[in-house]
Amino acid sequence: MAYLQRVKTAWLAISVALITTQCSSIPVDENDPKSLFEDAERDIQSDRFQIASDKLRMVRNKFPYSQYSILAQLKTADVLYLQEFWAEAAAAYELFADLH
């Protein structure tokens, strides 16, 4: 169990490092949920789904009471759908409907 927690923590650290070092012409303020959400939307439009998913997860985790957290939850389901993960997308949409 502790091993899985360490792997999860390492994966999150690597994901954040990759996100923060990514080249972008538009500066992203990681302390602003709107900025992170809009950057994730740009990644989705460019078919960078994993990067977008990581940013959406960051919005949900860092800013759980922001309106962008709700939008990020729904957009996460959209990303799963766009990746053709039908069952996961359906479950994410159902969870969203149940919570909101």
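What covers the buried residues of α2? Before I get to that, note that this is a predicted model.

The helix in question, α2, runs over residues 33-45. Its buried residues are Pro33, Ser35, Leu36, Phe37, Asp39, Ala40, Asp43 and Ile44. As for the cover, it includes α3, residues 49-62, and α4.

On the geometry of α2: the helix has 13 residues, so at 1.5 Å a residue it should span 18 Å, and its end C-alpha atoms are 18 Å apart, which agrees. After α2 comes Asp47, with a positive phi near 60°.

Now the rings. There are 2 aromatic pairs in the structure. One of them is Phe37 with Tyr68, and this pair is tilted, with 5.8 Å from centre to centre and 45° between the planes. It links distant parts of the chain: Phe37 sits in α2, Tyr68 sits in α4, residues 67-82, and they are 31 residues apart.

Are the two residues of that pair buried or exposed? Phe37 has a relative accessibility of 6%, so it counts as buried. Tyr68 has a relative accessible area of 16% and is buried too; the cut-off for buried is under 20%.

The other pair is Tyr81 with Trp86. Their ring centres are 5.1 Å apart and their planes are at 65°, so this pair is edge-to-face, because planes over 60 degrees apart are counted that way. Tyr81 is partly exposed, at 46% relative accessible area. Trp86, at 48%, also counts as partly exposed.

That is what I have.

Conventions:
Residues are numbered from 1 along each chain as its sequence is written. This is a predicted model: local features need pLDDT of at least 70, side-chain atom pairs count only at pLDDT 80 or more; totals for chains, interfaces and linings use all residues. Side-chain values use heavy atoms; hydrogens and water are left out. Rings of Phe, Tyr and Trp (its six-membered ring) pair if their centres lie within 6.5 Å; planes under 30 degrees apart count as stacked, over 60 as edge-to-face and the rest as tilted. Helices (H or I, at least four residues) and strands (E, at least two) are DSSP runs, numbered from the N terminus. Buried means under 20% relative accessible area, exposed over 50%, partly exposed in between (1.4 Å probe, protein chains only). The expected span of a helix is 1.5 Å times one less than its number of residues. Contact means heavy atoms within 4.5 Å.
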